[in-house]
Amino acid sequence: MARSLIDELPRIVSEGRREAQQALERLGSGTRIGLQTNELVLPCKDVGGLSWEHPRLTSENEVHSFNEKEWKNRLIYGDNFLTMQALLAGDAATGLPSLRGKVDLIYIDPPFDSKADYRTKIKLPNGDIQQRPTVIEQFAYADTWEQGTLSYLRMMYPRLVLMRELLSDRGSIYVHIDWHIGHYIKLILDDIFGKDNFRNEIVWYYPGREKISEQKFQSKHDVIFFYAANKDTSINIITKSWNKEERIKMLRRKIFIDENGKEWFWETRGQANGIEPYKRYLDEYVEKGGALNDVWDDVQFLRGNHPERTHYATQKPEALLERIIKASSNEGDLVCDFFGGSGTTAAVAERLGRRWITGDIGKPASLVMRKRFIDQEVKPFLYQSIGDYQKEAFRNNKRYQRVGDLSQVVLGLFGALPFTPEQCNDRNFGYLKGTRTLVMVDSPNRLTTATTIKRAVEAKASLLGGGWDKAVILGWNFAFDISQAVQQYAEAHVEVRVIPPDLLDKLSKKGFKKLIDDRSVRFSSLQYLVVDPLEVTRDGDYDELDISLCDYVLLSPDNIPLDDADKDKLIDVMNDDPVALIEYWSIDPDYDGVTFRSTWQDYRENTDHYDDPLHCIYGTRLRVPHKKHRKVCVKAVDVFGFESQVVQEYTHPEP
């Protein structure tokens with residue numbers, strides 16, 4: 001007989017505590033999780049003008065002032081369990097101290113429907129396609145719902161423990177949930193935050209289309225569990241605004257009109273001689289508002305045509321988050337949302353003068369949030385990511401405990417032979433039989449970078465006497481500028497291939513021999529961006545930079561989670577209009593080789609420049625302060641979330 005959830009709860013708690021404790025113990029070790037900064041975003045989207053002068057590019061000092069180590073809000077792509085570990089550890093590279101005990105408000109809206117369709121609709125010029133979740137997302141969703149509610153609770157427990165570690169002494173956490181899972185989450189929250197710190201079960205009622213069922217009453221509300229860090233945590237008083245007609249209806253009084261046309265009614269108050277009636281004006285009664293209770297029926301669900309809509313399925317209304325943020329934080333406080341979704345929490349926190357950190361494991365969500373924040377013209381923020389997915393997967397792998405052993409397996413799946421120990425002590429190298437092609441497998445514990453490619457070039461020239469015609473690098477994780485490095489070494493005949501990100505999972509489920517037999521492992525090439533040669537025109541103290549996209553080459557459609565019919569649509573676009581696959585692109589006109597400062601952006605659905613929501617513009621002219629030598633970096637993100645960047649240099653000729 002299967003054990004019930006009540007039977008399993010003690011094990012969920014003990015395993016969750018242990019997992020969280022192990023994560024916390026790693027914070028002081030050399031294996032702690034780090035953040036990779038992809039962009040410092042200085043929001044300023046294209047509005048279609050040539051000779052355009054960026055308000056932040058009027059002086060070189062103003063651009064670089066954002067490199068100081070003052071607070072920066074953050075959008076983080078990645079598993080929130082790893083994200084929170086990185087925040088607890090701190091990020092010295094960007095001046096972020098440990099945030100243990102520093103977060104004033106956490107709101108989360110985690111997924112809570114095991115039957116939800118996590119596909120993402122992508123609009124292309126020749127029709128819509130449906131992208132299945134990425135491999136990383138598939139792992140997350142599979143782990144979350146593999147055993148239904150049991151798996152979900154196992155996923156949530158250690159994450160909630162890390163949230164408790166982040167909360168300040170006066171902090172609060174709001175957990176938004178629905179009927180699928182709420183009663184079990186309440187038990188876990190009591191255990192982690194303390195039953196005495198439970199403040200409210202807020203009911204958010206949202207009227208809508210009526211559906212008659214013979215099996216149950218219609219579900220028309222979510223719940224939000226509100227916990228305080230301790231008994232002394234207070235909230236700001238929030239009153240409920242009243243609709244005049246609703247207020248009159250609730251009043252149940254006869255309304256009179258005085259000689260000035262003002263509406264009033266009889267009210268009563270207690271006096272020493274008994275009850276005394278007095279005139280109360282209706283405007284005063286309506287404006288005063290009412291005490292806010294734990295049933296919120298005055299915040300409307302977002303309809304399909306609502307101006308706030310970002311076309312993200314689980315988006316919540318700004319009014320809901322505004323109420324929570326106003327109640328449980330003050331200006332300057334730090335607000336976090338680790339299931340960021342469409343970015344509503346951060347967008348409202350910004351508008352209300354709070355600092356914020358948000359993130360999501362979904363690339364579609366990260367794209368939606370980045371564009372939303374730029375549209376809102378928020379203060380400069382960091383877009384970061386966790387680069388350690390394969391590192392974590394390798395650490396938890398029971399079959400292959402050494403990098404060399406795993407490299408031998410990857411060589412075999414690629415069709416390469418390993419060298420004997422007498423030929424080469426490095427077990428990461430092999431060769432394709434019958435050819436002069438050298439194959440190198442990079443470690444899952446690090447990013448494949450330009451330095452990796454340089455190492456392969458050196459091995460090609462020296463290993464076993466050199467004379468290799470070609471070198472192939474098989475990598476797990478890639479630096480965001482890897483495509484630029486590949487082009488840099490193009491004449492050295494080095495090719496970079498992507499190890500399937502689900503390979504470790506496939507190996508654990510199928511084994512090496514089965515994967516060899518069914519030939520299901522494909523190593524795809526990297527995507528890359530092509531930009532026209534940079535044109536620079538001197539105009540006194542300024543330079544005018546003409547920057548245009550030329551081409552975009554996507555990695556193989558076989559490595560994108562699409563159904564066959566959608567792959568055919570994608571191939572048509574790749575052949576006919578490849579630049580249409582670019583969802584977002586940005587420019588750093590003075591790239592320092594370290595931090596990409598996104599100081600100009602354009603993206604699909606930015607119709608401020610022209611009315612074509614399915615294409616970005618392909619070129620722009622930026623007017624910037626004159627420099628004799630300049631590096632310009634162009635970064636593009638395609639509709640699937642893959643990133644590429646190109647750097648071009650220009651030196652003005654001598655006068």
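**Exercise 1.** How many aromatic pairs does a search of the whole structure find?

*Solution.* Let us first settle the ground rules. This is a predicted model, in which local features need pLDDT of at least 70, side-chain atom pairs count only at pLDDT 80 or more, and totals for chains, interfaces and linings use all residues. Residues are numbered from 1 along each chain as its sequence is written, and side-chain values use heavy atoms, leaving out hydrogens and water.

Step 1: rings of Phe, Tyr and Trp (its six-membered ring) pair if their centres lie within 6.5 Å; planes under 30 degrees apart count as stacked, over 60 as edge-to-face and the rest as tilted. The search gives 17 such pairs.

Step 2: Phe-198 and Tyr-227 form one of them, a tilted pair with 5.1 Å centre to centre and 50° between the planes. Step 3: Phe-198 lies in strand E8 (residues 198-205) and Tyr-227 in strand E9 (residues 221-228), so the pair links distant parts of the chain, 29 residues apart.**Exercise 2.** At what angle do the axes of helices H3 and H5 cross?

*Solution.* Helices (H or I, at least four residues) and strands (E, at least two) are DSSP runs, numbered from the N terminus. Axes are lines fitted to C-alpha atoms, for helices over the stretch in contact, and angles run from 0 to 180 degrees between N-to-C directions.

Step 1: the axes of H3 (residues 80-89) and H5 (residues 149-166) cross at roughly 25° and come within 10 Å. That makes H3 roughly parallel to H5; angles under 35 degrees count as roughly parallel, over 145 as roughly antiparallel, 65 to 115 as roughly perpendicular and the rest as oblique.

Step 2: contact means heavy atoms within 4.5 Å. On the H3 side, Phe-81, Met-84 and Leu-88 are among the residues making the contact, and on the H5 side they include Pro-158, Leu-162 and Met-163. By class, this contact has 8 nonpolar, 2 polar and 2 charged residues. Here Ala, Val, Leu, Ile, Met, Phe, Trp, Tyr, Cys and Pro count as nonpolar, Asp, Glu, Lys and Arg as charged, and the others, Gly among them, as polar.

**Exercise 2.** Which residues of H5 meet H6?

*Solution.* Step 1: the axes of H5 and H6 (residues 182-193) come within 10 Å and cross at roughly 30°. H5 and H6 are therefore roughly parallel to each other.

Step 1: Thr-149, Tyr-152, Leu-153, Met-156, Tyr-157, Leu-160, Val-161 and Arg-164 are the H5 residues, and their partners in H6 include Tyr-184, Ile-188 and Phe-193.

**Exercise 3.** What is the strand order of the open sheet of 11 strands?

*Solution.* Step 1: two strands pair if DSSP finds at least two bridges between them. The order is E15-E8-E9-E7-E4-E16-E17-E3-E18-E1-E31, with mixed pairing. Strands E15 (295-296) and E31 (597-598) are the edges, each pairing on one side only.

Step 1: inside the sheet, E3 (residues 73-77) and E17 (residues 355-360) pair in the parallel sense over 4 bridges, with Thr-358 in E17 as the bridge partner of Leu-75.

Step 2: H5 packs on the sheet, touching E4 (103-108) and E7 (167-177), and its direction makes about 155° with that of E7. Helix H9 (residues 318-328) also packs on the sheet, where it touches E4, E7, E8, E9 and E15.

**Exercise 4.** In which sense do E28 and E29 run, parallel or antiparallel?

*Solution.* Step 1: E28 (residues 535-539) and E29 run antiparallel, joined by 5 bridges. Val-536 stands opposite Leu-545 in E29. In the hairpin of E28 and E29, with 2 residues between the strands, Gly-540 takes a positive phi near 65°.

Step 1: E29 (residues 542-553) also pairs with E27 (residues 528-531) in the antiparallel sense, over 4 bridges. Step 3: 7 bridges pair E29 with E33 (residues 619-625), again antiparallel, and Leu-622 in E33 is the bridge partner of Leu-545.
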